[in-house]
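Reader: Please show me the model. I would like to go through some contacts, packing and cores.

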Amino acid sequence: KRYKGPQVPYAPSPGFQEHVSAWLTYYRTLGISLKPGELIPTVGCAEAIMYAMMAVTDPGDEVLVFEPFYPSYKSFAKMIGVNLRPVTLSLKNNYALTPTKDILARITPKTKAIAVVNPGNPTGTVLTAPERARIAEIAKKKNLFIIADETYRDIIFSGKPTTMLSDGSVLDRVIVVDSASKRFSLPGARIGCVISRNTDVMGAILRFCQARLSAGTLEQFGLIPLLKNHRAYVRMAAGRYKKRHDVAVQELKKIPGVIVKPAQGAFYLTVGLPVESSEDFTAFMLSDFSEKGKTVAVAPMPGFYWTPGLGRSDVRIAFVLNEGKMREAMRLLARGLAAYAQR
């Protein structure tokens, strides 16, 4: 959409009407009917996450998280004086949700919300319908909000995109944070949104938005046509990521000692390596290993955990390269592991 204004003014804190309307059109394709006041544009999903946490907690409160999880939650928790209460999931069973009794055991009187990233970053897992239902039941039982981070919603490899907004039993408890960054490969545009049918939550978030004035004017107008015509693009993108994923898994399974489970969405794989320290191995790959001037950068997994000592041998791989480059990268990783073992 071409912006035709003579100036670039501040946007209204609740967002331009045309922009909000485009988000509502997108959500109707998921079967979700929202009112304008139930969605507010934000400066990326990061701001949406922080505002959601701020709206439902006070300093000293807790938010339940399933680790490993997106590291920015740690930063936001520290910034607003909130503690994260982790429930540890395992690579061995592909990060399936733990039994309900184990989750309930981690909840205290200070716990105010459950945060779920679905599809997962860094895990690439997608919550099943029974898992989403269990989270909703726990939230109702313990009087908790659900902060549903659905940034990667459309990047899934089978089935249809889902949202926690579909569960009518927790309509007043769900806060969805969303973004254009990953869906449309626009991380630099810094435009997202926060959604809730709870008027008190949205009232608090609107006051936060008024304090920081607005999300970007040009970004709001630029996103309108993408939201209104998203289906063809996101299906194409998900298909490409699936091909890259399959190449990565195929090559990783050839490497001795590597543990890899297929992802169901997003564009990440978490991989167990035959090393004692993934952080040391990552540093080795960047500083000491190269082949014809090339190496591979991966993300060590300890940074994705709240609990110290976890993820020591694991890395996150982002399969964002085309299939040919992805295959080359995984073969470089294999040779790097061999060189690391012989150093």
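Reader: Which residues does A318 touch, not counting residues up to four places away in sequence?
Author: This is a predicted model, where local features need pLDDT of at least 70, side-chain atom pairs count only at pLDDT 80 or more, and totals for chains, interfaces and linings use all residues. Residues are numbered from 1 along each chain as its sequence is written, and side-chain values use heavy atoms, with hydrogens and water left out. Contact means heavy atoms within 4.5 Å. With neighbours up to four places away set aside, A318 touches F267, Y268 and M326.

Reader: Is A318 buried, partly exposed or exposed?
Author: Buried means under 20% relative accessible area, exposed over 50%, and partly exposed in between (1.4 Å probe, protein chains only). A318 has 30% relative accessibility, so A318 counts as partly exposed.

Reader: In which strand is I317 found?
Author: Strands are DSSP runs of E with at least two residues, helices are runs of H or I with at least four, and both are numbered from the N terminus. I317 lies within residues 314-318, which form strand β11.

Reader: Is I317 buried or exposed, and at what relative accessible area?
Author: I317 is in contact with L252, F267, Y268, L269, V271, V298, M326, M330 and L333, leaving aside neighbours within four places in sequence. I317 is buried, and its relative accessible area is 3%.

Reader: Which residues of α3 make the contact with α2?
Author: From α2 come A46, I49, M50, M53 and M54. The α3 side is Y73, F76, A77, M79 and I80.

Reader: Which element gives the most to the largest nonpolar core?
Author: A nonpolar core is a set of buried Ala, Val, Leu, Ile, Met, Phe, Trp, Tyr and Cys residues joined through side-chain atoms within 4.5 Å. The largest has 52 residues, and those with the most contacts inside it are Y27, L39, F66, I135 and I146. Elements that give two or more residues include α1 (17-28), β2 (62-67) and α5 (129-142). With 6 residues, the element that gives the most is α1.
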